[in-house]
Amino acid sequence: MEPTTDRLKTPRAAGMAGVAFALLLGAAIVLMRISIPGDAADATIDQDRRWAVQLALQIVPFAGIFFLWFMGALRAHTGEAEDRFIATVFLGSGFVFAATLFAAAAAAGTVLNEQTPSDFGRHYAYTLLATYAMRMAAVFVLATSMIGRTLGVFPRPLAMLGTLVGLILIVVGSGVPWSELLFPAWALVISLYILRVRRTAAPTDRSGPP
């Protein structure tokens, strides 16, 4: 029964990694938002809030690691039946999101190290996070929802929720403050659903033949 056990471990790993990623990314976004505001009228970082940027910079690498684990576990869960085209979009958008997230953190770090933070550096970090990273996240959400709906991995309401979140992130972008929190919120919902499925499937597996 080892193959069955492996299939049960994969969703559990995806769920745990997804929860960790969602919580860490959400915390990093909040810390970046309160310390590096997007308002053009406020181009400086409050000295009392520099700790927030420092903490966010420590969190982002771990968020990226958990995201890659989450992405790999989700792909393993779909199996060989996944559509090649959608899978390519899924992988590409996920990797670009992770790279852009790290770049945004690096840009925020340069702003932090400046004695007088420049408006350019602040805008650069903000644009990378709120515009480019979030639009790649939107593509990732849309691709994941399409795979989940096509293969029946996710229920229809959950797939529709992902489609809605993806469209909002693409259309809204950085136009609405704090809208980037939709991505970690979606990842948290997906992860909790996977963990719930794991808990309901485990007793069924234990009751089967040895």
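pLDDT is the predictor's confidence in each residue, on a scale from 0 to 100. The structure above is a predicted model, and its mean pLDDT is 78, with 71% of the residues reaching 70 or more.

**Confidence**

- Among the elements of the protein, helix 5 has the highest mean pLDDT (91), while helix 1 has the lowest (74).
- Residues 1-8 stay under 50 in pLDDT, and the model gives this stretch 8 contacts beyond four places in sequence.
- Residues 204-210 are also below 50, and this stretch has 5 contacts in the model beyond near neighbours in sequence.

**The largest nonpolar core**

- The largest nonpolar core has 48 residues, and the members that touch the most others are Phe 21, Phe 67, Phe 97, Phe 183 and Trp 186.
- At least two residues of this core come from each of helix 1 (2-35), helix 2 (50-78), helix 3 (84-113), helix 4 (119-151), helix 5 (156-172) and helix 6 (182-206).
- Helix 4 is the top contributor, giving 11 residues to this core.
- As background, nonpolar side chains in soluble globular proteins tend to be buried together.

**Phe 183 and the aromatic rings**

- Which residues does Phe 183 contact, leaving aside its neighbours within four places in sequence? They are Phe 21, Leu 25, Phe 67, Phe 97, Met 134, Ala 137, Phe 140, Val 141 and Leu 169.
- Both Phe 21 and Phe 183 are buried.
- The model has 13 aromatic pairs, counting rings whose centres lie within 6.5 Å.
- In the pair formed by Phe 21 and Phe 183, the ring centres are 5.6 Å apart and the planes meet at 70°, so the pair is edge-to-face; the cut-off for that label is over 60 degrees.
- This pair links distant parts of the chain, since Phe 21 sits in helix 1 and Phe 183 in helix 6, 162 residues apart.
- One aromatic cluster brings together Phe 21, Phe 67, Phe 90, Phe 97, Phe 140, Phe 183 and Trp 186.

**Thr 144, a buried threonine**

- Thr 144 belongs to helix 4.
- Is Thr 144 buried or exposed? Its relative accessible area is 5%, so Thr 144 is buried, as the cut-off for that label is under 20%.
- The Thr 144 side chain reaches the backbone oxygen of Phe 140 at 2.8 Å, and Phe 140 is one of the members of the aromatic cluster.
- Not counting residues up to four places away in sequence, Thr 144 touches Leu 74, Phe 90, Phe 154 and Trp 186; among them, Phe 90 and Trp 186 belong to the aromatic cluster.

Note on methods
Residues numbered from 1 in each chain as written. Predicted model: local features only at pLDDT ≥ 70, side-chain atom pairs only at ≥ 80, totals over all residues. Heavy atoms only, no water. Core = buried A, V, L, I, M, F, W, Y, C linked by side-chain atoms within 4.5 Å. Buried < 20%, exposed > 50% of the residue type's maximum accessible area, 1.4 Å probe, protein only. Helix = DSSP H or I, 4+ residues; strand = E, 2+ residues; numbered from the N terminus. Contact = heavy atoms within 4.5 Å. Phe/Tyr/Trp six-rings, centres within 6.5 Å; stacked < 30°, edge-to-face > 60°. Polar contact = N/O pair within 3.5 Å; in protein donor to acceptor, adjacent residues only side chain to side chain.
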